[in-house]
Structure formats: C-alpha cells, structure tokens
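Colleague: I am new to this structure. Could you walk me through how to read it?

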Amino acid sequence: MDVKTGFFYLFSVVLMFAAFRVVTARNPVHAVLYLMLAFSQASGLWLLLQAEFLAMTLVLVYLGAVMVLFLFVVMMLDINLDTLRQGFWKHFPLAASLGALVALEMAGVLMSGFRSSEAPKVAMAVGQLAPQISNSKALGILLYTEYLMPIQVAASILLVAMIAAIALTLRQRKDSKAISASEQVHVRAKDRLVVVKMDAVKVGEAPKAPEAPEAPALADASKETK
C-alpha cells in the first residue's frame, strides 16, 4: 500500500466518523464542529483526486464562511434540547426509510463504478489540456470562455442580492434608533454643555434648631393662669 492509498483510507475513516457524529451528537455545537471536520477531510480527498480547485473552494467557502456562521448562530441561539427531542420516535420510521433509500442509491452508484456510455465533453477538454496546464487553470479557462454568460448572470444576481440586503438593513424605521456619523463629527462642546449659575452652599452644614422658651417666662405664665 502506497502513501496515497494510506491517506485515502485515513481521510475516509475520519470523514465517516465525523459524519456519524454529526447525526448522533447531542450538543448542536459539537455537531457543527464535527461537520467542519467532515468538510476538511472531504477537501483532503479532493486533493488526492487532483481536484485542488474544489478542495480550496470547500475550505474557503464552507469552512471559512458558512460553517463559521452556522457555529455562531447555534452558539447564540438558546436551543431547548428537550423540545427538539420530543417526537423523535414518532418520525423515526420515516427517517429510517429515507436513510435506507439514500444508502441503497449510493451503493448502486458505487457498485456501478461511475461507468457511462459517453464521456462528458467538458471532462475530455480538461483531460486534453492537463499535460500543458494545471487543473485549476483549465477550469478557469473553461468557465470564462464557454460559460462566460452564466458566470456574469450569477454575478449580477449576487450583486442585486447584496444591494437589496444593504438597502433593507439601512432603511428608515420609526422603531429603530439610528446614529448619524456626520452629526457626531460636527458636534461642539457648547452645544452639549450647559452652565447653570447657583448660589454658594456649604456642604454638611446642619440647619439651626428653634430656640426653646426661657424658664422664668414659663413660671410667670403659670402664675397668671392661676
């Protein structure tokens, strides 16, 4: 067994274990982490198949953006695991039947060995250019020559979606408090500072108590009443 075959079995075993743990992990955060591990092992398999463009895309797009976003969303959400586990055995037969169907389809594809009557024209073109240029360069030439119009349409759709998301985020709402950066830059101290004049007061001075009446005066008042 050569080194390439050893790496293939290593990536495959780790990928199958990570995929199994994605389904069986009780903590959603752990499930997302196992899914990131599965994607990394899948990118290693793509590299062994000399499809470095797909491997880099899988790492940059899914591991670098999508799965990190999923991880932050799962960590920020207060997920009640007891509520999610309710009705598990109720839907288990349907899920098991669908899983068995997918497993049979995958087994049928693997047993057939991906044999087909005619090879795709794209694969033949890339195979003819393989001795001269790399796989990524051949794919780039094919995308920007024969498939230039679909690439431009997809880029236009993504641009419109990005502009729409920015417009929805920055729209004026009555229930939201927006901060104007221009007003903060041009603010002056005299516009925010108000000087109030007050009389001087001694801090800690106790108020004076009323004077008590003298004793002789009280005695004279008692004699007059008698």
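Predicted model: local features only at pLDDT ≥ 70, side-chain atom pairs only at ≥ 80, totals over all residues.

Colleague: What share of the 226 residues is buried?

Modeller: Buried means under 20% relative accessible area. Here buried residues are 11% of the 226. The accessible surface of the chain is about 19800 Å², and carbon and sulfur atoms account for 68% of it.

Colleague: Now the helix pairs. At what angle do the axes of α2 and α3 cross?

Modeller: Look at the angle between N-to-C directions; over 145 degrees counts as roughly antiparallel. The axes of α2 (28–48) and α3 cross at roughly 175° and come within 9 Å. The two helices are therefore roughly antiparallel to each other. In α2 they include V29, L33, F39 and W46. In α3 they include L54, L58, Y62 and L71.

Colleague: And how do α3 and α7 pack?

Modeller: Angles of 65 to 115 degrees count as roughly perpendicular. Helix α3 (residues 52–76) and helix α7 (residues 135–143) pack at about 85°, with axes 8 Å apart. So α3 and α7 are roughly perpendicular to each other. On the α3 side, E52, F53 and M56 make the contacts. On the α7 side, their partners are N135, S136 and L139.

Colleague: Where is Q50 placed, and what is its phi?

Modeller: First the general idea. Most residues other than glycine have a negative phi. Q50 has a positive phi of about 60°, although it is not a glycine. Q50 sits in the loop between α2 and α3.

Colleague: Is Q50 buried or exposed?

Modeller: Over 50% relative accessible area counts as exposed. Q50 is exposed, at 58%.

Colleague: Last, the surface. Which residues make the nonpolar patch?

Modeller: A residue needs over 30% relative accessible area to join a patch. This patch covers about 830 Å² and is made by W46, L49, F53, L54, M56, V59, L60, V61 and Y62. Helix α3 gives the most to the patch, with seven residues.

Terms used:
Residues numbered from 1 in each chain as written. Heavy atoms only, no water. Patch = residues over 30% accessible without salt bridge, like charges linked within 9 Å, V, L, I, M, F, W, Y side chains within 5 Å. Areas by Shrake-Rupley, 256 points an atom, 1.4 Å probe, with all protein chains shown as cover. Salt bridge = Lys/Arg side-chain N within 4 Å of Asp/Glu carboxyl O. Helix = DSSP H or I, 4+ residues; strand = E, 2+ residues; numbered from the N terminus. Axes fitted to C-alpha atoms, helices over the stretch in contact; angles between N-to-C directions. Parallel < 35°, antiparallel > 145°, perpendicular 65-115°, else oblique. Contact = heavy atoms within 4.5 Å. Buried < 20%, exposed > 50% of the residue type's maximum accessible area, 1.4 Å probe, protein only.
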